[in-house]
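I wrote down what I looked up and what came back.

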Amino acid sequence: MSTETNTLRRQDGTGSPGPALRLEAVVKEYGKGGRAVRALDGVTVGIERGSFTAVMGPSGSGKSTFLHCAAGLDRPTGGAAHIGDTALAGMNETRLTELRRKRVGFVFQAFNLIPALSVRENVELPLRLAGERLDPAWLEEILTRVGLAGRAGHRPAELSGGQQQRVAIARALITRPDVIFGDEPTGALDTVTAKEILSLLRSCVDTTGQTVVMVTHDPVAASYADTVLFLADGRIADTMRAPTADRVADRMTHLGAWA
Ligand SMILES: Nc1ncnc2c1ncn2[C@@H]1O[C@H](COP(=O)(O)OP(=O)(O)OP(=O)(O)O)[C@@H](O)[C@H]1O
């Protein structure tokens with residue numbers, strides 16, 4: 001399949017043109033020789049700006065490897081990954097670190113906040129690490145958007161799990177990244193709180209055109225996305241637009257995910 005035919009578009013067709021993220025024939029092998037594991041086996045996909053994409057697949061199908069290669073956390077063995085127009089191949093570690101700080105945001109299952117820092121300081125951290133100027137109005141806007149304007153001085157331990165994940169989302173938004181990557185962002189939350197976090201991610205996409213790519217095992221979480229990519233044995237086995245939880249669960253069953 002060509003990149004063009006594989007480019008994922010928003011359902012309503014709005015947002016800037018051009019993919020936020022592009023993988024071309026990406027291969028990732030771990031180990032060498034007879035013991036090598038091919039975790040990604042020629043993945044080609046473009047992810048449109050302002051879209052919400054869920055990545056699903058059976059255990060070991062390559063979801064984490066996909067996310068790591070797409071976000072510049074790991075280097076593909078073959079093929080090419082781009083964030084916007086920037087090719088990740090050939091970047092040295094310093095430039096890759098800079099790219100990860102400025103151009104992508106991460107939201108993990110375990111929140112990964114700094115306990116000694118306040119909400120405000122946690123959110124500011126990526127800008128400080130990147131040596132960039134803080135725009136106080138933008139910080140306030142983000143804190144308001146994630147519903148934490150009144151909690152800016154609190155420490156993470158004083159917040160619920162859902163509130164802590166809101167801090168992580170605010171921290172991901174602060175650099176106005178090309179893409180926010182979520183790795184099971186609702187995996188540690190109860191059902192009601194998970195829905196609030198998914199609605200927040202959805203509204204980041206809908207109101208500001210943020211691009212979100214989220215690995216999940218949960219068909220309900222995937223149903224918040226515009227498109228679901230299904231991985232199997234390191235390849236894109238299927239793409240589903242306008243997903244519902246039932247259709248996603250059905251597709252996963254056919255991929256043998258819950259056999
Ligand atoms: N560092 C590594 N060294 C060797 N093999 C690895 C490494 N990381 C992943 N693999 C292998 O690559 C394949 C894909 O792994 P990956 O973690 O990307 O799958 P996944 O779909 O995210 O799985 P899960 O849903 O269980 O988290 C698996 O066979 C895994 O064992």
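**Entry 1: contacts and overall form**

I began with sequence separation: among contacts in the protein chain between residues at least 6 apart in sequence, 70% join residues at least 24 apart. For me, two residues are in contact if their C-beta atoms, placed from the backbone, lie within 7 Å. A reminder to myself: this is a predicted model, where local features need pLDDT of at least 70, side-chain atom pairs count only at pLDDT 80 or more, and totals for chains, interfaces and linings use all residues. Residue numbers start from 1 along each chain as its sequence is written.

Next I looked up the secondary structure and found nine helices and 11 strands in the protein chain. These are DSSP runs numbered from the N terminus, helices being H or I with at least four residues and strands E with at least two.

I then checked the radius of gyration, taken over C-alpha atoms, against the globule rule of 2.2 Å times the number of residues to the power 0.38. The protein chain has 18 Å, which agrees with the value near 18 Å for a compact globule of 259 residues. Along its principal axes, the C-alpha trace spans about 50 × 45 × 40 Å.

**Entry 2: burial and the core**

How much of the protein chain is buried? I noted 40% of the 259 residues. My cut-offs: a residue is buried if 20 or more other C-beta atoms lie within 10 Å of its own, exposed if 12 or fewer, and partly exposed in between, with C-beta atoms placed from the backbone.

I went on to the largest nonpolar core, which has 62 residues. Such a core is a set of buried Ala, Val, Leu, Ile, Met, Phe, Trp, Tyr and Cys residues joined through C-beta atoms within 7 Å. Val 55, Ala 170, Leu 201 and Val 213 have the most contacts inside it.

**Entry 3: strand β4**

I wanted to know why β4 counts as largely enclosed by the rest of the structure. The reason is that five of the five residues of this strand (residues 52-56) are buried. Both faces are covered, with Phe 52, Ala 54 and Met 56 buried on one side and Thr 53 and Val 55 buried on the other.

Then I looked up its partners, where strands pair if DSSP finds at least two bridges between them. β4 runs parallel to strand β9 (residues 212-215), with four bridges, and Ala 54 has Met 214 as its bridge partner there. Four bridges also join β4 to β10, again parallel, and in β10 the partner of Ala 54 is Val 228.

**Entry 4: two hairpins**

Strand β10 (residues 227-232) is joined by six bridges to strand β11 (residues 235-241), and the two run antiparallel. I saw Leu 231 opposite Ile 236 in β11. Two residues lie between the strands of this hairpin, and Asp 233 takes a positive phi near 50°, although Asp 233 is not a glycine. Asp 233 counts as partly exposed because 15 other C-beta atoms lie within 10 Å.

Leu 21 is bridged to Ile 47 of β3. Six residues lie between these strands, and Gly 31 takes a positive phi near 80°.

I also found Arg 176 with a positive phi of about 50°, again not a glycine. Arg 176 sits in the loop between α6 (161-173) and β8 (179-183).

**Entry 5: around the ligand**

Which residues are around the ligand? I listed Tyr 30, Gly 31, Val 37, Ala 39, Gly 57, Ser 59, Gly 60, Ser 61, Gly 62, Lys 63, Ser 64 and Thr 65; a residue is near a molecule if its C-beta atom, placed from the backbone, lies within 6 Å of it. β3 (37-48) and α2 (63-70) each supply at least two residues of this shell, and α2 gives the most, with three.
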